[in-house]
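Please keep the structure open while reading them.

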Amino acid sequence: MHDSPIIKFGGFDLDLSALIMLLVSGAIVFILARLSVRNLSVENPSKLQNFMEWVVEFVQNLISSTMDLKKGKAYISLGLTLILFIFVSNILGLPFAIITDLPANFEVFGKTIEATIGLDPGQYAHVLWWKSPTADISVTAGLAAIVFILMNYLGLKKNRKHYLKHYLEPFPIFLPLNIIENLAKPVALAIRLFANIFAGEVLISVILKMKFFGIPFLAAWQGFSIFIGGLQAFIFTILTMVYIAQTTIHEEEAH
Amino acid sequence: MVILWENIVIAMLAFALLYFLLDRYAFNKLYAVMEKRRELVKSQMDEAAQTREQAITYVEQQKQALEQARQDAHEIIERSKQTGAKQAEQIIELASEEASRIKTEAVRDIENEKNKAVSALREELGSVSVKIASKLIEREVQNDNVQEELVDQYLKEVGGRQ
């Protein structure tokens, strides 16, 4: 098992690897988006613009399959950011990982990395620097927390009466069950995304142990991991939209 | 695997920042362009539909105009045929009238000439016969009125027999 490069910083535990990887994937997404809107044209779009418009339309279709697109228009940017960010994050850990063997009391920015504290001389800590940010359950929990906050906030703001009434349905005694259901949503989101990506990276490191015999397996698994990365990004986005639709939209026919 | 609440907060902040940056600096422009293209396509399609309708009306109008022109041409031909026939008839009528007039005039002229010739001949004949008679009976008969009347009477009989 690899350790994370955690340093103590003013009472906080800072995970440098998560920080770096979040920064990298955010930068890649932002640069990609900026490049695609660099030479915007109505009649003669560039290839990148075409690709970005395809993504926008994909997200639009995705939203319109869960709610009325007129109401869902405000969430297109959210869906786009989610799907691009998660997809890029999932892919980042596929080509390589950066692992360093650090001696005891190794310091970064004048701070000692936690995992190296108390090691005997000659012992090394395997610290994982480069990975998919979504292979870290804290990061996926953060994303799920955003979705959780957003869906409950939007439900309270736009659909307060039915949102609150929903907790007592079909009978008031179902209240704890409904609360658990609500809490289970972000937990399921976070664990699903984390487990898929983390398992993919674990399997890659297992295949690497086979040395040259593993090359065909590695190729197949890398390809499949790209597919999983896209699929998980899609699932996360569409579930977000479904949850938002559930809390914000009150359908008369349903009652 | 440990869950670090700091990581959760950092991930949330990073995502929120990315969302605002993308929404502000990238997606807005993209949406605007897509909206513009949608409007462009819509307006072009509207225009095409309008043009098609106009074309249909034009064709209809042209058809009507062509039909009208054909009818007019037909009428003109008919009318000119009728006028031509009428004119021909008139010309023939005029010609026949003229011919008959010329004929009657010619007949009258001939009559006149004949009468003139007859009267001239009669006078000539009268005086010649008087001369012959006077030559024959110069000596015995006086040139009196009775005899001249007689001669005139005979000559009238000659003229009345024609």
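The points below take the interface, the hairpin and the cavity in turn.

1. A caution to begin with. This is a predicted model. Please read every value below as computed from that model.

2. Chain contacts. On the chain A side, 47 residues touch chain B, and chain B contributes 31 residues to the contact. About 3400 Å² is buried between chain A and chain B. Carbon and sulfur atoms give 77% of that area.

3. Charge pairing across the interface. The count between chain A and chain B is one salt bridge. R37(B) and E53(A) form a salt bridge through their side chains, with N to O at 2.6 Å.

4. The hairpin in chain A. Strands β1 (residues 6-9) and β2 (residues 12-15) of chain A run antiparallel and pair over four bridges. Two residues separate β1(A) from β2(A). G10(A) sits in the turn, and its phi is positive, about 55°. Within the pairing, K8(A) stands opposite D13(A) of β2(A).

5. The cavity. A search of the whole structure gives one cavity of 30 Å³ or more. The largest cavity holds about 80 Å³ of space. Two elements of chain A give two or more residues each to its lining: α7 (175-208) and α8 (215-248).

6. What lines the cavity. The lining of the largest cavity includes N90(A), L94(A), S132(A), N196(A), E201(A) and W221(A). By class, the lining residues of the largest cavity are four nonpolar, six polar and one charged.

Methods
Residues numbered from 1 in each chain as written. Chains lettered and ligands numbered in written order. Predicted model: local features only at pLDDT ≥ 70, side-chain atom pairs only at ≥ 80, totals over all residues. Heavy atoms only, no water. 1 Å grid on protein atoms, 1.4 Å probe; cavity = no way out; pocket = protein on both sides within 12 Å on 5 of 7 lines; lining within 4 Å. Points joined across faces, edges and corners; volume = space filled by probe spheres on them. Nonpolar A, V, L, I, M, F, W, Y, C, P; charged D, E, K, R; others polar. Pairing = 2+ DSSP bridges. Contact = heavy atoms within 4.5 Å. Buried area = accessible area lost by both parts, 1.4 Å probe. Salt bridge = Lys/Arg side-chain N within 4 Å of Asp/Glu carboxyl O.
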